[in-house]
Amino acid sequence: AQALVSYFMVIINYGFNISATRYISINRKNKSVISNAVNSVYLIKSLLFVATLIILILLINIVPKLEEQKFLYLFSFGICFNELLFPIWYFQGVERMKFITIINLSTRLFFLISIFLFVHDQTDYLKVPILNGIGALGGGLVSIYLVYFKDRISFIFPSKKEIIYHAKSSLPIFASGVTRLAYMSTNKILIGSLINY
């Protein structure tokens, strides 16, 4: 489940951790340009999030092995909230890495404490991806607050030209990430599909 979801995470990320970081870093003095970039990236990521969720649901309905553990796969998808909401690319671009550390540390600490509190035996295995997803969602919402309310990034609908620019500039990085992930995770998916859990 984690190996499959890691593909979706790469798709949702779409290489923005590099391309958007660079773009925001170059334009960090111009709030209007940054607002357009942030909203473009979030819009593209939202579309990719919905598309990957639809793909996962289709896979669960088509592949019997996935259907057997459909809740495990659906709950594991919750970690994708981290890729959707947590703007590591923004914080790196404006050189405020302390927020990355604080949010990541908080969500991991929440996950660790929750594991000890709520997971006691093998029957609790579904609680692990649920807790992971809750941590990812919480960290993402905090970061959204920091971007839009604390840093006062304007919530605007970006132009079609702006969206296309950011999608095109991230495409080579995205392709590289998918290739690397295919090399690293495909064996886990193949073994998981050929051997029982």
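Me: How many salt bridges does a search of the whole structure find?
Reply: The search finds 3 salt bridges. The model is predicted.

Me: What makes Arg28 and Glu95 a salt bridge?
Reply: Their side chains meet at 3.0 Å, N to O. The cut-off is 4 Å, so the pair qualifies.

Me: Why is this pair said to tie parts together?
Reply: Arg28 sits in the loop between α2 and α3, and Glu95 in the loop between α7 and α8. They are 67 residues apart in sequence, so the bridge ties those parts together.

Me: Why is Glu95 called exposed?
Reply: Its relative accessibility is 51%. Exposed means over 50%, so Glu95 counts as exposed.

Me: And what makes Arg28 partly exposed?
Reply: Arg28 has a relative accessible area of 37%. That falls between the 20% and 50% limits, so the label is partly exposed.

Me: How do you know that Arg96 and Asp151 form a salt bridge?
Reply: Their side chains come to 2.9 Å, N to O. This is within 4 Å, so the pair counts. Arg96 is in the loop between α7 and α8, Asp151 in the loop between α9 and α10, 55 residues apart.

Me: Why is Asp151 called buried?
Reply: Asp151 has 8% relative accessibility. Buried means under 20%, so Asp151 is buried.

Me: Which residues does Tyr90 contact, leaving aside its neighbours within four places in sequence?
Reply: Asp151 is one of them; the others are Ile24, Ile34, Val38, Val147 and Ile153. Tyr90 is also among the residues with the most contacts inside the largest nonpolar core, which has 45 residues. α3 gives the largest share of this core, 11 residues.

Me: What makes Lys127 and Asp124 a salt bridge?
Reply: Their closest N and O atoms are 3.4 Å apart. The limit is 4 Å, so this pair passes too.

Me: Why is α1 called largely enclosed?
Reply: Of its 12 residues, 10 are buried, so the rest of the structure largely encloses α1. Among the buried ones are Tyr7, Phe8 and Met9.

Me: How do you know that the span of α1 agrees with its number of residues?
Reply: At 1.5 Å a residue, α1 should span 16 Å. Its end C-alpha atoms are 16 Å apart, so the two agree.

Me: Why is Gly140 called buried?
Reply: Gly140 has a relative accessible area of 0%. The cut-off is under 20%, so Gly140 is buried. Gly140 lies in helix α9.

Notes: Residues numbered from 1 in each chain as written. Predicted model: local features only at pLDDT ≥ 70, side-chain atom pairs only at ≥ 80, totals over all residues. Heavy atoms only, no water. Core = buried A, V, L, I, M, F, W, Y, C linked by side-chain atoms within 4.5 Å. Buried < 20%, exposed > 50% of the residue type's maximum accessible area, 1.4 Å probe, protein only. Helix = DSSP H or I, 4+ residues; strand = E, 2+ residues; numbered from the N terminus. Contact = heavy atoms within 4.5 Å. Expected span 1.5 Å × (residues − 1).
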